[in-house]
Amino acid sequence: MTLDFRVEPLRRTDLRRCAELERVLFAGDDPWSESAFAGELDWGHYYLGAHTGELLIGYAGLSMAGAPGDMEASVHTLGVDPVWQGRGVGRALLRALLDRADQARAQVFLEVRTDNAAAIGLYAAHGFATIGLRRRYYQPSGADAYTMSRPARVEETT
Ligand SMILES: CC(C)(COP(=O)(O)OP(=O)(O)OC[C@H]1O[C@@H](n2cnc3c(N)ncnc32)[C@H](O)[C@@H]1OP(=O)(O)O)[C@@H](O)C(=O)NCCC(=O)NCCS
């Protein structure tokens with residue numbers, strides 16, 4: 001059955017729920033607190049939430065840096081409530097982040113656990129390639145991360 005959800009800017013009132021989801025999704029990897037999310041918004045990073053009705057079921061965040069024409073973006077986080085995974089929410093959130101990066105023609109970087117097949121599959125399907133390995137990147141688990149990158153979207157001239 002199709003899931004009815006909407007993607008829109010994350011609100012301060014969503015942050016408690018984000019922290020709750022983090023504790024489930026990233027239990028062994030230093031999950032972010034509500035105040036950590038607030039700090040992300042304070043920095044002006046681009047954060048989105050996915051809601052079904054009033055319930056927040058996913059969230060995602062992107063930072064951008066650099067001068068116009070030479071921008072880099074970084075996916076800071078992406079998570080979907082396990083109850084609602086596998087129904088297109090993660091894809092919709094990632095696409096919305098990438099739309100933003102493409103508007104700025106920014107190359108996009110991210111780190112992902114080397115054992116996270118679902119996320120790696122999602123990123124690969126959206127043009128990301130593995131460009132490096134960061135050993136013991138995640139703490140306290142000590143899990144390794146791949147660095148993945150997606151080229152900047154270049155406007156076609158023909
Ligand atoms: C990764 C995550 C965000 C995907 O969200 P989701 O809503 O379940 O994903 P979607 O239903 O939108 O699936 C999109 C694509 O992801 C990939 N994918 C999703 N689940 C997968 C799985 N279990 N195994 C392999 N690929 C998977 C597929 O490419 C899929 O496309 P397809 O349906 O055409 O095959 C979600 O699994 C999650 O929150 N995981 C825990 C947190 C996390 O690891 N975040 C990423 C940190 S870098």
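Trainee: Is Tyr-137 buried, partly exposed or exposed?

Mentor: This is a predicted model, and burial is read from relative accessible area, where under 20% is buried and over 50% is exposed. Tyr-137 has 36% relative accessibility, so Tyr-137 counts as partly exposed. Tyr-138, at 17%, counts as buried.

Trainee: Which residues are linked by ring pairs into a cluster?

Mentor: The cluster consists of Trp-32, Phe-37, Tyr-47 and Tyr-59. Accessibility can then be read for its members. Trp-32 is partly exposed, with a relative accessible area of 26%, whereas Phe-37 is buried at 1%.

Trainee: Which residues touch the most other members of the largest nonpolar core?

Mentor: A core is read as a set of buried nonpolar residues joined through side-chain atoms. The largest one here has 29 residues, and Leu-93, Val-108 and Tyr-123 touch the most other members. Two or more residues come from each of β2 (46-52), β3 (55-67), β4 (70-80), α3 (89-103), β5 (107-113) and α4 (117-125). The element that gives the most is α3, with seven residues.

Trainee: What is Val-108 in contact with, leaving aside its neighbours within four places in sequence?

Mentor: Val-108 contacts Leu-62, Ala-73, Val-75, Leu-98, Ala-101, Phe-128, Met-148, Ser-149 and Arg-150. There is also a second, separate core of 10 residues, which includes Leu-15, Leu-21, Leu-41 and Tyr-59. Tyr-59 also belongs to the ring cluster.

Trainee: Where does Asp-29 lie, and is Asp-29 buried or exposed?

Mentor: Asp-29 is in the loop between α1 (15-25) and α2 (34-42). Asp-29 counts as buried because its relative accessibility is 13%. Its side chain makes a polar contact with the side chain of Ser-141, at 2.4 Å. Apart from neighbours within four places in sequence, Asp-29 is in contact with Arg-113, Tyr-138, Gln-139, Pro-140 and Ser-141.

Trainee: How many residues surround the ligand, and which are the closest?

Mentor: Start with the surrounding residues, then look at the individual polar atoms. The ligand has 21 residues around it, and the closest are Leu-78, Val-80, Gly-86, Gly-90 and Asn-116. A polar backbone atom of Leu-78 is 2.7 Å from a nitrogen atom of the ligand. For Arg-91, a backbone N or O atom lies 2.8 Å from a ligand oxygen atom. Asn-116 has an N or O atom in its side chain that is 2.6 Å from an oxygen atom of the ligand.

Trainee: How much of the ligand's accessible area does the protein cover?

Mentor: On its own the ligand has 920 Å² of accessible area, and the protein covers 68% of it.

Definitions and conventions:
Residues are numbered from 1 along each chain as its sequence is written. This is a predicted model: local features need pLDDT of at least 70, side-chain atom pairs count only at pLDDT 80 or more; totals for chains, interfaces and linings use all residues. Side-chain values use heavy atoms; hydrogens and water are left out. A nonpolar core is a set of buried Ala, Val, Leu, Ile, Met, Phe, Trp, Tyr and Cys residues joined through side-chain atoms within 4.5 Å. Buried means under 20% relative accessible area, exposed over 50%, partly exposed in between (1.4 Å probe, protein chains only). Helices (H or I, at least four residues) and strands (E, at least two) are DSSP runs, numbered from the N terminus. Contact means heavy atoms within 4.5 Å. A polar contact is a pair of N or O atoms within 3.5 Å; within protein, one must be able to donate a hydrogen and the other to accept it, and residues adjacent in sequence count only if both atoms are side-chain atoms. A residue is near a molecule or strand if one of its heavy atoms lies within 4 Å of it. Accessible areas come from the Shrake-Rupley method with a 1.4 Å probe; for residues, only the protein chains shown count as cover. Rings of Phe, Tyr and Trp (its six-membered ring) pair if their centres lie within 6.5 Å; planes under 30 degrees apart count as stacked, over 60 as edge-to-face and the rest as tilted.
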